Amino acid sequence: MASWLERQFKLKEVGSDVKTEVMAGITTFMTMGYIIFVNPDILSKTGMPFGPLMVATCLASALATLLMALMANYPIALSSGMGLNAFFAFSVVLGMNIPWEVALAAIFVEGLLFIVLTLTKIREAIVNSIPKSLKIGISTGIGFFIALIGLEGAGIIVDNPATLVGLGDLASKPVILTIIGFVIMMALEAHRVKGAILWGILAVTAIAVPMGVASMPEGVVSMPPSISPIFMKMDFSQLANGTFWIIVFTFFFVDFFDTVGTLVGVTNRAGLLDDKGNLPRARSALMADAIGTTCGAVLGTSTITSFVESASGVEQGGRTGLTALVTSILFLLAIFFSPIVSIVPACATAPALIMVGVYMMMSLKDLDFGSYTDVIPAAIAIFIMPFSYSIANGIEFGILTFVILKFVACKKNEISPVMWGLFVIFILKEIFV
């Protein structure tokens with residue numbers, strides 16, 4: 001087994017080992033395990049059954065993450081994208097009165113388009129055409145975005161009508177537990193303890209139970225319900241309808257740049273980009289994502305995309321597809337052990353996300369602060385991601401700023417044809433969509 005793992009994942013080549021990768025895989029799963037229950041909760045608002053949705057979420061996540069592990073050998077996990085599932089439920093199905101079966105067909109078509117674009121190397125060209133300064137900005141912006149998600153999930157940052165955001169109740173139990181978890185993780189990191197984030201999550205979960213923030217499950221194992229009510233239920237009857245293609249484009253656009261941002265940001269932080277700043281095996285990684293989206297629609301769930309929470313596993317030392325393989329296996333096990341998975345409260349994973357935000361911010365040290373035409377676009381990407389709650393928006397405005405600034409600074413030779421093409425697409429998107 002050890003020999004196969006080495007041949008498949010090339011652990012020694014990246015300076016990793018089985019134990020580190022396994023711990024990283026568990027950490028990634030723990031920080032994104034919420035999707036197992038949150039995704040069905042959102043999609044069930046459309047009338048889709050919760051139980052089958054939970055199983056479909058686990059199956060689609062396990063399959064897509066396994067493909068990423070074996071095809072691309074990257075420590076990146078995939079699942080139903082947050083935001084995309086809300087768009088599916090509240091904008092498409094409930095807002096536009098589109099049957100959920102038709103919405104699944106739109107996601108299936110989106111996945112097929114991704115497969116075609118990946119085979120033609122268009123997606124790979126876009127990933128590798130993003131300049132180094134923007135890749136650093138994207139990586140850092142994702143860090144701030146992840147930290148915001150963690151602070152919001154813990155209740156430390158809350159909605160404030162007067163100032164947009166404000167501090168929550170710092171005396172509440174979830175906030176106190178989040179702070180305790182953050183201190184534990186910081187202390188373990190300071191002492192170079194491997195798996196600091198994972199141990200912190202487990203420690204907070206253990207404390208949360210007697211405090212009444214988390215509760216022990218009634219059982220350990222539960223048999224999963226059948227996915228037959230949502231399996232292969234795509235309805236292609238609206239293919240000739242213009243509204244259908246607007247929905248396809250919206251799914252396509254957000255998923256495309258969410259995936260690009262996550263791949264660039266996480267692999268940059270992991271030190272997996274080559275000397276030219278390009279992503280090796282980008283085509284394989286993008287194909288895993290495309291196939292995952294298509295299969296997710298068949299199974300009955302919303303768009304599958306690469307998860308920014310994968311950065312938590314990277315920060316624990318995950319550098320290969322073995323990390324993703326472990327996460328994939330845990331998604332499969334979660335189908336039967338969902339009562340145990342449900343124990344972990346949001347206040348246990350929140351400090352992990354904040355810690356990942358700290359790690360991702362460290363990418364800024366590689367940014368050339370002497371060049372304003374590089375710093376400003378990177379900064380715009382960093383600002384927009386958390387404040388608009390979207391990786392795709394951050395990439396869009398970062399690229400728009402980059403092209404405009406390089407042009408007015410008479411540095412047109414630094415703008416690649418692909419960047420010009422993206423500039424035009426983004427302008428048209430803002431005008432017409």
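Predicted model: local features only at pLDDT ≥ 70, side-chain atom pairs only at ≥ 80, totals over all residues.

Trainee: Why is Thr28 called buried?

Mentor: A residue is buried when its relative accessible area is under 20%, exposed when it is over 50%, and partly exposed in between, computed with a 1.4 Å probe and protein chains only. Thr28 has a relative accessibility of 1%, and therefore counts as buried. Thr28 belongs to helix H2, residues 18-32, where a helix is a DSSP run of H or I with at least four residues, a strand is a run of E with at least two, and both are numbered from the N terminus.

Trainee: Which residues does Thr28 touch, leaving aside those up to four places away in sequence?

Mentor: Contact means heavy atoms within 4.5 Å, and on that basis the partners of Thr28 include Ala77, Glu309, Thr323 and Thr327.

Trainee: What makes Leu322 buried or exposed?

Mentor: Its relative accessibility is 4%, so Leu322 counts as buried. Leu322 sits in helix H14, and among the residues in contact with Leu322, beyond four places in sequence, are Leu5, Phe9 and Asn73. Leu322 and Pro75 are 247 residues apart in sequence, yet their C-alpha atoms lie 6.9 Å apart in space.

Trainee: What makes a group of residues a nonpolar core?

Mentor: Such a core is a set of buried Ala, Val, Leu, Ile, Met, Phe, Trp, Tyr and Cys residues joined through side-chain atoms within 4.5 Å. The largest one here has 113 residues, of which Ile36, Met68 and Phe88 touch the most other members. Helix H11, residues 242-270, gives the most to this core, with 13 residues. Apart from this core lies another of eight residues, including Leu5, Ala69, Leu325 and Val326. In soluble globular proteins, nonpolar side chains tend to be buried together.

Trainee: Which residues form a nonpolar patch on the surface?

Mentor: They are Val220, Val221, Met223, Ile329, Leu333, Phe336, Phe337 and Ile340, with about 720 Å² of accessible area together. Patches are made of residues with over 30% relative accessible area and no salt bridge, with nonpolar side chains (Val, Leu, Ile, Met, Phe, Trp, Tyr) joined within 5 Å and like charges within 9 Å. The areas come from the Shrake-Rupley method with a 1.4 Å probe, and for residues only the protein chains shown count as cover. Ile329, found in helix H14, residues 321-334, has 42% relative accessibility and therefore counts as partly exposed.

Trainee: How do you know that Asp374 forms a salt bridge with Lys406?

Mentor: A salt bridge requires a side-chain nitrogen of Lys or Arg within 4 Å of a carboxyl oxygen of Asp or Glu, and the closest N and O atoms of Asp374 and Lys406 are 3.1 Å apart. The pair links distant parts of the chain, with Asp374 in helix H17 (residues 372-388) and Lys406 in helix H18 (residues 391-408), 32 residues apart. Asp374 and Lys406 are both buried, and together with Glu414 they are linked in a network of salt bridges.

Trainee: How many salt bridges does this rule give?

Mentor: The count comes to seven. Another of these pairs is Asp41 with Lys45, at 3.5 Å from N to O. Asp41 has a relative accessible area of 39%, so Asp41 is partly exposed, and Lys45 is partly exposed because its value is 42%.

Trainee: What makes strands E2 and E3 a pair?

Mentor: Two strands pair if DSSP finds at least two bridges between them, and E2 (residues 157-160) and E3 (residues 164-167) pair in the antiparallel sense over four bridges. Asn160 has Leu164 in E3 as its bridge partner, and the two strands E2 and E3 form a hairpin with three residues between them.

Definitions and conventions. Residues numbered from 1 in each chain as written. Heavy atoms only, no water.
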